[in-house]
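Please consult the sequence and the structure shown below while reading.

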Amino acid sequence: MASVAAAEGAAAALRSVLSRAQQAAARAGRAPGSVRVVAVSKTKPVPVIRGVYDAGHRCFGENYVQELIDKAPQVGLDWPPPLGRSRVMTTENLPLLPEDIEWHFIGNLQSNKAKALLAGVPNLDMVESVDDEKIANRLDRVVADLGRKPLKVLVQVNTSGEESKFGVDPSGCVELAKHVKLNCPNLVFSGLMTIGMLDYSSTPENFKTLSNCRKEVCKELSIPEEQCELSMGMSADFEQAIEMGSTNVRVGSTIFGAREYPKKN
């Protein structure tokens, strides 16, 4: 019953977030549908995610490769399971999340895990965290090897200047975006992403920096700014981010509640 209550609570919270996002867009003179809300379901169980899905939402995000693979539908790929694993069909080992979910990978991606991610998540819609040429090249090769359709990617920019943050320096975002656009035919350069400050909130300066990066990238690549997404804003600041031009906000705890990490012994 606890999971049912959690799912219902998450669905109600989603509706509130979507309403707030639409209002923020309206305040900025933008269309309500100009902002995508990525429901970040890190550490949350499938039944709770399913509650948000059943409320009509389709775009979800995860930070860790194995957690996303475990949640993504694997119908026909692993049944019966290998010896040593339960071979009894239960609600625990059946894929409960539908295939029409659009998954966004938003965490740091190591090149040696790119193949597992793309092979294990057939409905992966976007990788938001491309921060160097090595991972871009690896994703490009894996997409080709698997015969997948071109994968949408965002270039992650470190707008706070913190060494603890992943992301290309703003001074290097144009060259990385150009590399993806011109040298990675199996990737679709779709825009820029930033995380923000150490506490995962952002300041207007972070948002302005990413917006300025977009201007430079679009000028260099001769593409209109509306074709270059800005993924910025999280639970604490997504409304401000939208008012400053964000097209993609990543909202986790405001929808799903606090993260649920395993307790250490």
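Thr 43 lies in the loop between strand E1 (36-40) and helix H2 (46-54), where helices (H or I, at least four residues) and strands (E, at least two) are DSSP runs numbered from the N terminus. The model is a predicted one, in which local features need pLDDT of at least 70 and side-chain atom pairs count only at pLDDT 80 or more, while totals for chains, interfaces and linings use all residues. Residues are numbered from 1 along each chain as its sequence is written, and side-chain values use heavy atoms, with hydrogens and water left out.

**Overall make-up**

The protein chain contains nine helices and eight strands. Of its 265 residues, 49% are buried; buried means under 20% relative accessible area, exposed over 50%, and partly exposed in between, with a 1.4 Å probe and protein chains only. Among the contacts in the chain with a separation of 6 or more, 67% are between residues 24 or more positions apart, a contact being heavy atoms within 4.5 Å.

The largest nonpolar core has 66 residues. Such a core is a set of buried Ala, Val, Leu, Ile, Met, Phe, Trp, Tyr and Cys residues joined through side-chain atoms within 4.5 Å. The residues with the most contacts inside this core are Leu 117, Leu 124, Val 127, Leu 139, Phe 189 and Ile 255. When neighbours within four places in sequence are left aside, the contacts of Leu 139 are Leu 109, Ala 114, Leu 118, Val 127, Val 130, Leu 151, Val 153 and Leu 187.

**Strand E1 and its partners**

Four of the five residues of E1 are buried, so this strand is largely enclosed by the rest of the structure. E1 pairs with E8 in the parallel sense over four bridges, and with E2 in the parallel sense over two bridges; two strands pair if DSSP finds at least two bridges between them. Opposite Ala 39 stand Val 251 in E8 and Phe 60 in E2. Val 37 has Val 249 of E8 as its bridge partner.

In a regular strand the side chains alternate between the two faces of the sheet. Strand E8 (residues 248-251) has Asn 248 and Arg 250 pointing one way and Val 249 and Val 251 the other way, and all are buried.

Lys 42 is placed in the loop between E1 and H2. UniProt, in an unreviewed entry, assigns the feature "modified residue: N6-(pyridoxal phosphate)lysine" to Lys 42; UniProt positions are given in the numbering used here, feature names are shortened, and annotations may be inferred rather than shown by experiment. Lys 42 is buried, with a relative accessible area of 11%.

Most residues other than glycine have a negative phi. Thr 43 has a positive phi, and so does Ser 222, which is not a glycine either.

Within H2, the buried residues include Val 48, Ile 49, Gly 51, Val 52 and Tyr 53. Gly 56 follows H2 and has a positive phi, near 110°. Arg 58 lies over the face of Tyr 53, at 3.6 Å from the ring centre; a charge sits over a ring if NZ of Lys or CZ of Arg is within 6 Å of the ring centre and within 35 degrees of the ring normal.

**The aromatic pair**

The structure holds one aromatic pair. Phe 60 and Trp 103 form this pair, which is tilted, with 6.0 Å centre to centre and 50° between the planes. Phe 60 lies in strand E2 (residues 59-62) and Trp 103 in strand E3 (residues 102-105), so the pair ties together parts that are 43 residues apart in sequence. Rings of Phe, Tyr and Trp (its six-membered ring) pair if their centres lie within 6.5 Å; planes under 30 degrees apart count as stacked, over 60 as edge-to-face and the rest as tilted. Phe 60 is buried at 0% relative accessible area, and Trp 103 is buried at 0% relative accessibility.

**A position in helix H4**

Ala 119 belongs to helix H4 (residues 114-120) and is partly exposed, at 40% relative accessibility. The C-alpha atoms of Ala 119 and Ile 69 are separated by 8.9 Å, the two residues being 50 apart along the chain.
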